[in-house]
Amino acid sequence: MSKRTNTVLFMLAATVANILLMMIIFIICFILLTRFVDPESSLVPLYLGLTFLVSIGGSFFLYSKIIKLLNTKFDLESKLGPLFPSKRRK
């Protein structure tokens, strides 16, 4: 496989992993929300929005840590190439 194919496959797998990570964090936060918050509270919509933001931020944070760990462990820079090479000629 070429570097470009490796890059495309890696980006697809990483995107799916990021979405799954976001869903897992959202489900965990939602379970905590239903367990500890009164359903009759007027702040439930605010808590749901906060849960959504925490799931996005948490998945971004964990995704970046996982990618850095994989990059150092498997030396991905040597196996992956740029998807869109620069048009400038040196």
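Helices here are DSSP runs of H or I spanning at least four residues, numbered from the N terminus, and their axes are lines fitted to C-alpha atoms over the stretch in contact, with angles running from 0 to 180 degrees between N-to-C directions. The model is predicted, so local features need pLDDT of at least 70 and side-chain atom pairs count only at pLDDT 80 or more, while totals for chains, interfaces and linings use all residues. Residues are numbered from 1 along each chain as its sequence is written, and side-chain values use heavy atoms, with hydrogens and water left out.

Two packed helices are described by the angle between their axes and the distance between the axes. Helix 1 (residues 3-36) packs against helix 2 (residues 44-74) at an angle of about 140 degrees, and the axes are 8 Å apart. Helix 1 is therefore oblique to helix 2; angles under 35 degrees count as roughly parallel, over 145 as roughly antiparallel, 65 to 115 as roughly perpendicular and the rest as oblique. The crossing of helix 1 past helix 2 is right-handed, meaning that the near helix is turned clockwise from the far one by less than a right angle.

Contact (heavy atoms within 4.5 Å) between the two helices involves, among others, Phe-10, Asn-18, Phe-26 and Leu-33 of helix 1 and Tyr-47, Thr-51, Gly-58 and Ile-67 of helix 2. By class, this contact has 17 nonpolar, 5 polar and no charged residues; Ala, Val, Leu, Ile, Met, Phe, Trp, Tyr, Cys and Pro count as nonpolar, Asp, Glu, Lys and Arg as charged, and the others, Gly among them, as polar.

Beyond its neighbours within four places in sequence, Thr-51 is in contact with Phe-26, Cys-29, Phe-30 and Leu-33.

Aromatic pairs come next. The whole structure holds 1 aromatic pair. Its rings, those of Phe-26 and Phe-30, have centres 6.2 Å apart and planes at 20 degrees, so the pair is stacked; rings of Phe, Tyr and Trp (its six-membered ring) pair if their centres lie within 6.5 Å, with planes under 30 degrees apart counted as stacked, over 60 as edge-to-face and the rest as tilted. Both residues lie in helix 1, 4 residues apart, about one turn of the helix. Phe-26 is partly exposed at 29% relative accessible area, and Phe-30 is partly exposed at 38%.

Technical notes:
Buried means under 20% relative accessible area, exposed over 50%, partly exposed in between (1.4 Å probe, protein chains only).
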